[in-house]
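Here is a colleague's note on the structure shown below. Please read it with the model open beside you.

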Amino acid sequence: MMSDCIFCKIAAGEIPSTKVYEDDIVLAFKDLEPQAPTHVLLIPKAHIASAAEITPENSALVAHIFEVAAKLAKELRLDNGFRVVNNCGEDGMQSVQHLHFHMLGGKKMGWPPYPAN
């Protein structure tokens, strides 16, 4: 755990969240500023700063996160589909330096998700 990481503190239970799933590896909770009717953040409990730090030694947790996303999609009744987004680094608009995935659903998504500059 990184002492100054907000997601590490949420995973440790030091900061409250609205949990939708938890096991030994991953925590999923509702986003405080939802961008869709369903907006869940999926985070590994182990601190990994970003997708740029995924290695052969830690990549299995990413597979597990996607297994959890598939399970949650069924539980949250996202039968028509959903989007999973990861922002990586400054140009990717990563706001919290802890690997996380946004799971969005409950409405038809547009593309591209952000206006081109």
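1. **Terms and source.** Buried means under 20% relative accessible area, exposed means over 50%, and partly exposed lies in between, with a 1.4 Å probe and protein chains only. By that rule, buried residues make up 39% of the 117 residues in the protein. This is a predicted model: local features need pLDDT of at least 70, side-chain atom pairs count only at pLDDT 80 or more, and totals for chains, interfaces and linings use all residues. Residues are numbered from 1 along each chain as its sequence is written, and side-chain values use heavy atoms, with hydrogens and water left out.

2. **Elements.** The protein has 2 helices and 5 strands. These are DSSP runs numbered from the N terminus: helices are H or I with at least four residues, strands are E with at least two. From the N terminus, the order is α-β-β-β-α-β-β. The radius of gyration is 14 Å, close to the 13 Å that the globule rule gives for 117 residues, so the protein is as compact as a globular protein of that length. That radius is taken over C-alpha atoms, and the rule is 2.2 Å times the number of residues to the power 0.38.

3. **Extent and contacts.** Along the principal axes, the C-alpha atoms fill a box of roughly 35 × 35 × 30 Å. The accessible surface is about 7400 Å², and 54% of it belongs to carbon and sulfur atoms. Areas come from the Shrake-Rupley method with a 1.4 Å probe; for residues, only the protein chains shown count as cover. Contact means heavy atoms within 4.5 Å. Take the contacts between residues at least 6 apart in sequence: 54% of them join residues at least 24 apart.

4. Rolling a probe the size of a water molecule over the atoms shows where empty space is left. The search uses a 1 Å grid over the protein atoms alone: a cavity is a set of points where a 1.4 Å probe fits but cannot get out, while a pocket is an open set with protein on both sides within 12 Å along at least five of seven lines. Lining residues have an atom within 4 Å of a point. The largest pocket has a volume of about 930 Å³. Grid points are joined across faces, edges and corners, and a volume is the space filled by probe spheres set on the points.

5. **Its lining.** Which residues lie nearest the centre of the largest pocket? They are Asp-31, Glu-33, Gln-35, His-39 and His-102, out of 33 lining residues. Two or more lining residues come from each of helix H1 (6-11) and strands S2 (26-30), S3 (38-44), S4 (82-85) and S5 (101-105). H1 gives the most, with 3 residues. By class, the lining has 16 nonpolar, 10 polar and 7 charged residues. Here Ala, Val, Leu, Ile, Met, Phe, Trp, Tyr, Cys and Pro count as nonpolar, Asp, Glu, Lys and Arg as charged, and the others, Gly among them, as polar.

6. **The second largest pocket.** This one holds about 170 Å³ of space. Its lining includes Arg-77, Phe-82, Lys-107 and Met-109. The lining divides into 3 nonpolar, 3 polar and 4 charged residues.

7. **Two positive phi values.** Most residues other than glycine have a negative phi. Arg-77 has a positive phi of about 60°. Arg-77 sits in the loop between helix H2 (60-75) and S4, and is exposed at 65% relative accessible area. Met-93 has a phi near 70°. Met-93 lies in the loop between S4 and S5 and is exposed at 64%.

8. **Ala-28 and Ala-36.** Are these two buried or exposed? Ala-28, in strand S2, is buried at 0% relative accessibility. Ala-28 touches Val-20, Leu-41 and Leu-72, among others. Ala-36, in the loop between S2 and S3, is buried at 9%. Its contacts include Leu-104 and Lys-107.

9. Asn-87 lies in the loop between S4 and S5 and is buried at 16%. Among its contacts are Met-93 and His-102. His-64 is in helix H2 and is buried at 18%. His-64 contacts include Tyr-21 and Asp-23.

Methods
Lists of a residue's contacts leave out its neighbours within four places in sequence.
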